[in-house]
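Notebook open. I want to look up the pocket first, then the ligand.

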Amino acid sequence: MKIRHAKDYADMSRKAANIISAQIILKPCSVLGLATGTTPIGAYEQLIDWYRKDDVDFSEVITYNLDEYRGLSHDDPQSYHYFMREKLFDHVNINMENTHVPDGSNPDADAACAEYDAMVNAAGGIDLQLLGIGNNGHIGFNEPDDAFSKGTHCVDLTESTIKANSRLFDSPDDVPRQAYTMGVQNIMHARSILVIANGEAKAQAVYDMCYGPVTPRVPASILQLHTNCTVIADEAALSLCPRR
Ligand code: GLP
């Protein structure tokens, strides 16, 4: 695990966008695993800026998002389908047919999740997986548990995640209680992984991810075992970690 210090959110976002754009330049038909949440927004803005300057071309890029709330339609402004269009896809030359987000509108969880895994496999797996991290160490929507999850599956969100994510909804009651998420095994199969984190609220989770025991109680801790994982975090998120 390589840990890179960023000065602040803007620096973290630029460094992350650099790695993503390098991936696309080196392999134009890259399969990217993408994340939602507030953390990656700055990196997406930077990529849009570089696209407008003709420095990065998304025309052959294929994307698979990590997760989606169960029960939301693709046009629901709280859905991750909507988020990805608004924050990235609508602003670059990506072919929308090459973008994929788990189908939260499909009430048949087993079918929706199996179909998603089959699509990722058919694409040959993920070249670069972008991840944020939850305050409790979750990745995607893989919550602390007794065992690491495998493929895409339906999860019950923890109270802590519902509370953390309620800031983006009118009220905590509006936050869906379930989500479809790629499993930890799907994430670990990515050929490279980029984790980004900023702010003091993530400090404990970042410490546990990088220096704690590898345990399903902190799903992100398994990333210590990945052979090509880079963490980019700002000073606040790294405040509990040993200095370089
Ligand atoms: C959600 C997403 C995660 C994300 C996490 C942190 O739960 N499913 O993929 O990493 O939130 O979000 P934020 O970046 O807003 O702190």
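I began with the lining of the largest pocket: nine nonpolar, 14 polar and three charged residues. Here Ala, Val, Leu, Ile, Met, Phe, Trp, Tyr, Cys and Pro count as nonpolar, Asp, Glu, Lys and Arg as charged, and the others, Gly among them, as polar.

I note that this is a predicted model, where local features need pLDDT of at least 70, side-chain atom pairs need 80 or more, and totals for chains, interfaces and linings use all residues. Numbering runs from 1 along each chain as its sequence is written, and side-chain values use heavy atoms, without hydrogens and water.

I looked up the volume next. The largest pocket holds about 470 Å³ of space. Of its 26 lining residues, Gly37, Ile133, Gly134, Asn165 and Lys202 are the closest to its centre. A pocket is an open set of points on a 1 Å grid over the protein atoms alone, where a 1.4 Å probe fits, with protein on both sides within 12 Å along at least five of seven lines; lining residues have an atom within 4 Å of a point.

What takes up the space of the largest pocket? I found the ligand there (more than half of its atoms lie within 2 Å of the grid points).

I then checked the ligand's shell. Of 13 residues around the ligand (a heavy atom within 4 Å), Thr38, Thr39, Asp67, Arg167 and Lys202 come nearest.

I listed polar contacts (N or O pairs within 3.5 Å). The side chain of Thr38 has an N or O atom 2.7 Å from a ligand oxygen. For Asp67, a side-chain N or O atom is 2.7 Å from a ligand nitrogen. Arg167 places a polar side-chain atom 2.6 Å from a ligand oxygen.

Methods: Polar contact = N/O pair within 3.5 Å; in protein donor to acceptor, adjacent residues only side chain to side chain. Points joined across faces, edges and corners; volume = space filled by probe spheres on them.
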